[in-house]
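Here are a few notes to read with the model open beside you. Take them one at a time and find each residue as you go.

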Amino acid sequence: MNKKITIVYMSFSGNVRSFTHRLQEYAAQQNHLNNDNPVIELLEISEQTIPVKSETNFFVILPTYMVGGSKFTPTLTEILTNPMRDYLETDNNIENCLGFIGSGNLTLGKMFVITAKTYARDYNLPLLAAFESRGTTRDIERIYKVLTDKAFEK
């Protein structure tokens, strides 16, 4: 029986979706080389998602979507990711969440992956990793290792 890692994610521009699917392919290759390497199962959350109880541990990957930050509205407000909050809070799914990974644009400076940072802070869970845009091959390898180490830590 293959070990599995579950990733719950949101994607609007397609960057996170691209990353998670490439991560899933990489995991399948690693599993093919060594059956002890876990495969990845994906669950995409959207406005159409009807939240259900999670029966397994999972990780969350979030894009960065914020509005505000002008001289007239200095505070940034998270937008578009409310369906993820609904999923996490349904049937206390947050208890199965092992941590967050953020996607964003480095040009945002300190606001880089702010949505994932906000979720990690709000739910008192770790921000495990971050990547820019669609991520690189090196990001995929690095994050697969982070997920594997965290999911199966002793």
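1. A pocket, as used here, is an open set of grid points with protein on both sides within 12 Å along at least five of seven lines. Keep in mind that this is a predicted model. Its largest pocket has a volume of about 170 Å³. Of the 14 lining residues, N15, S103, G104, N105 and S133 are the closest to the centre. Helix α1 (15-33) and strand β6 (97-104) are the elements that each give two or more residues to this lining. Sorted by class, the lining has five nonpolar, eight polar and one charged residues.

2. Next, look at the aromatic rings, where the count comes to six pairs. Take F19 and F131: their ring centres are 3.8 Å apart and the planes sit at 15 degrees, so this pair is stacked.

3. Now try F100 and Y119. With centres 5.8 Å apart and planes at 55 degrees, they count as tilted. The pair joins strand β6 to helix α3, across 19 residues. F100 is buried at 0%, and so is Y119, also at 0%.

4. Y119 has another neighbour to spot: R85 lies over its face, 4.2 Å from the ring centre. K3 lies over the face of F152, at 4.9 Å from the ring centre.

5. Finally, is N96 buried or exposed? It sits in the loop between α2 and β6, and at 18% relative accessibility N96 counts as buried, because the cut-off is under 20%. Leaving out residues up to four places away in sequence, N96 touches S54, E55, T56, N57 and F58.

Methods:
Residues are numbered from 1 along each chain as its sequence is written. This is a predicted model: local features need pLDDT of at least 70, side-chain atom pairs count only at pLDDT 80 or more; totals for chains, interfaces and linings use all residues. Side-chain values use heavy atoms; hydrogens and water are left out. On a 1 Å grid over the protein atoms alone, a cavity is a set of points where a 1.4 Å probe fits but cannot get out, and a pocket is an open set with protein on both sides within 12 Å along at least five of seven lines; lining residues have an atom within 4 Å of a point. Grid points are joined across faces, edges and corners, and a volume is the space filled by probe spheres set on the points. Helices (H or I, at least four residues) and strands (E, at least two) are DSSP runs, numbered from the N terminus. Ala, Val, Leu, Ile, Met, Phe, Trp, Tyr, Cys and Pro count as nonpolar, Asp, Glu, Lys and Arg as charged, and the others, Gly among them, as polar. Buried means under 20% relative accessible area, exposed over 50%, partly exposed in between (1.4 Å probe, protein chains only). Contact means heavy atoms within 4.5 Å. Rings of Phe, Tyr and Trp (its six-membered ring) pair if their centres lie within 6.5 Å; planes under 30 degrees apart count as stacked, over 60 as edge-to-face and the rest as tilted. A charge sits over a ring if NZ of Lys or CZ of Arg is within 6 Å of the ring centre and within 35 degrees of the ring normal.
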